[in-house]
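The sequence and structure come next.

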Amino acid sequence: MCGIVGYFGPLNPKDIILSGLKRLEYRGYDSAGVAIIHQGGLKRIRAEGKLVNLETKLKNEKFDGRLGIGHTRWATHGVPSERNAHPHLVKGLSLVHNGIIENYLEIREALQKRGADITSDTDSELVAHLLAEEVEKTKDLFKAVQNVLGMLRGAFSILAIWDQQPDQLVAFKDGPPLVVGIGKDEAFVVSDVQAVLQYTKKFIYLEDREIAVVKVGKVQIFSALGLRLEKPVVELNWTSEQVDKLGFAHYMLKEIYEQPQAVVAAMEPHIDLKNQSVRLKNVGFGHSPQSLDGLNSITDWQETQNIFAKIEKIFIVACGTSFYAGQIGKYLIENIAQLPVETDIASEFRYRKPIFSKNTLMISISQSGETADTLAAVRLAKEKGLTTLSICNVKNSTIDREASGHMYMNSGTEVGVASTKAFASTLTVLHCLTLALAKARGLLNIETEKDHILHLQKVPSQMEVVLAYDKYFAEAANSLKEFRGFLYMGRGVSYPIAMEGALKLKELAYLHAEGYAAGEMKHGPLALIDSRMAIVMVVPDDDLFEKSISNLEEARARGGKIISIGTVDNLRLKSVSDRYLGLPKAHWSITPLLSVIPLQLMAYHLANSLEYDVDQPRNLAKSVTVE
Ligand code: M6R
């Protein structure tokens, strides 16, 4: 993960790099550092912990050079500490690295034999030693990078500078994203365009094993073999989004409250509200994300339907919260579009040798569009000839660029490491996609289509109602403090919601919670139940209601304390619960969009009252670009 920023130009590198790192802090916050040319050498400053610590250290520091690199770290090899912080500096050669060097043990051993003075526990420092050895021989950073590239195995994106060539920065990658921003007489090299959108909108996206050489007013891209490549400069029409807490105590809380708008933004391109019909907008199978705006929407929709009509099977692949959204997608698609769906965690899918058949669609879901395992799964699916469709929030991200078809969450920037609004957006996109699949297969009559759209249209106002109950969720959260463990349970579409609720509690409040299919309780978890175990059960008024009540009775009979999330005024559910939270009545396919909110808010309030950092939970990062 980690965020990297490089700058070369007339402005003060310290300010540009710091502002870029601030926008990349979602990628890691274990330590941060910069190395900037100063008085003919390299001045490096690093700090353990969040970026604010580095900012404090840099406050009165001056640099006279115009070239520098910076890094915000998510630790892989070596504990979070200043000594393991980037940039690494070896004999005037400095680098920042995002990723993992898999053959680091053999490199370390070889370097030690050659007498290298290794000062950190990281894999990254080893690359700095290799480069320092090579510049010594070649006297040229670009040539040194070419030589070292062949020595590395793993996933990496690296920026390197050398004090003997203070007029160039060399960047190279194999795996994690790296983008070169082109300004007037200046250039930026970053992990994510968000870092420098306020300075430039022109970017070159590096592909694996490409090398960028950045000099004053000149950016050149080469293949690993040194062939000069002509790469397109992509002009983005995005504005640098001002991400602000808007008066909320945390980004996460703001993002939870933004869910009604997120649902509207996700559905708006795909639903013709006037005619109450679904028409996916510019999915653009076979087109690049940058060219989607230029498509003829009517023709594109026709082509999309032709592709959908032939689909016989679907894989949905994702990680974490995106995976749970995908699992709800399975229920929607199987039920409404009557297609078989297999869901898989990307890190399993890519290694488990799934059986691929003809006419299979692989849907990948990723808020960041950079998750390494999900990306590898997309590549595998393409290799096997599957049609790929991505659902991403970040446009032009690697997964978006590599998939054949494109749909977007349109959530706006999600800053909180715990995903909330992107989950709601994904469910909405999956809903639209399900209706489109059903329509293309001739399974959606006009009345049913209108009904579904009506249900979807009601969601934002129903979400507002749920959000208005926040004080009850805060009270419920307070009551959770007395428990030693948590079982989150649900059936049908509420089962993935239970898993998502448990994940939120784990990542924010650092408490052990398990998400379970309620029907599985008596196959093991029942043994855990006593008065110190809380059962958080999602029980909407649906066909499975009675079955869920039986599960609750079984848990109660063993002393478990029940917190239920159901439909408003359901006295039966209330009577079997220690605490009951009633939500607006909704169609079964819509209930996940509502029932997830109390679970998000309970985790938020509990973590907040325990004084944990809810926006940046320990050990996590927003974008997981390593395996
Ligand atoms: O960017 P992605 O949607 O691919 O990220 C997937 C997971 O890493 C992410 O959902 C993670 O589980 C969140 N921290 C959950 O809140």
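Angles under 35 degrees count as roughly parallel, over 145 as roughly antiparallel, 65 to 115 as roughly perpendicular, and the rest as oblique. Axes are lines fitted to C-alpha atoms, for helices over the stretch in contact, and angles run from 0 to 180 degrees between N-to-C directions. Helices (H or I, at least four residues) and strands (E, at least two) are DSSP runs, numbered from the N terminus.

The model is predicted: local features need pLDDT of at least 70, side-chain atom pairs count only at pLDDT 80 or more, and totals for chains, interfaces and linings use all residues. Residues are numbered from 1 along each chain as its sequence is written, and side-chain values use heavy atoms, with hydrogens and water left out.

**Helix pair**

Helix 3 (residues 104-113) packs on helix 4 (residues 124-138) at about 50°, with the axes 10 Å apart. The two helices are therefore oblique to each other. The crossing of helix 3 past helix 4 is left-handed (the near helix is turned anticlockwise from the far one by less than a right angle; clockwise would be right-handed). Helix 3 brings Y104, I107, R108 and L111 to the contact, and helix 4 brings L126, H129, L130 and E133 (heavy atoms within 4.5 Å). These residues divide into 5 nonpolar, 1 polar and 2 charged. Here Ala, Val, Leu, Ile, Met, Phe, Trp, Tyr, Cys and Pro count as nonpolar, Asp, Glu, Lys and Arg as charged, and the others, Gly among them, as polar.

**Backbone sites**

K139 lies in the loop between helix 4 and helix 5 (141-149). K139 is not a glycine, yet its phi is positive, about 60°. The peptide bond from H86 to P87 is cis, with omega near -5°. P87 sits in the loop between strand 4 (67-73) and strand 5 (88-90).

**Cavities**

A cavity is a set of points on a 1 Å grid over the protein atoms alone where a 1.4 Å probe fits but cannot get out; lining residues have an atom within 4 Å of a point. Grid points are joined across faces, edges and corners, and a volume is the space filled by probe spheres set on the points. The structure holds 3 cavities of 30 Å³ or more.

| Cavity | Volume | Lining residues, among them |
|---|---|---|
| Largest | about 90 Å³ | V538, D541, I565, L583 and L594 |

Strand 26 (561-567) and helix 19 (591-609) are the elements that give two or more residues to the lining of the largest cavity. That lining has 7 nonpolar, 4 polar and 1 charged residues. The lining of the second largest cavity has 2 nonpolar, 7 polar and 2 charged.

Definitions and conventions. On a 1 Å grid over the protein atoms alone, a cavity is a set of points where a 1.4 Å probe fits but cannot get out, and a pocket is an open set with protein on both sides within 12 Å along at least five of seven lines; lining residues have an atom within 4 Å of a point.
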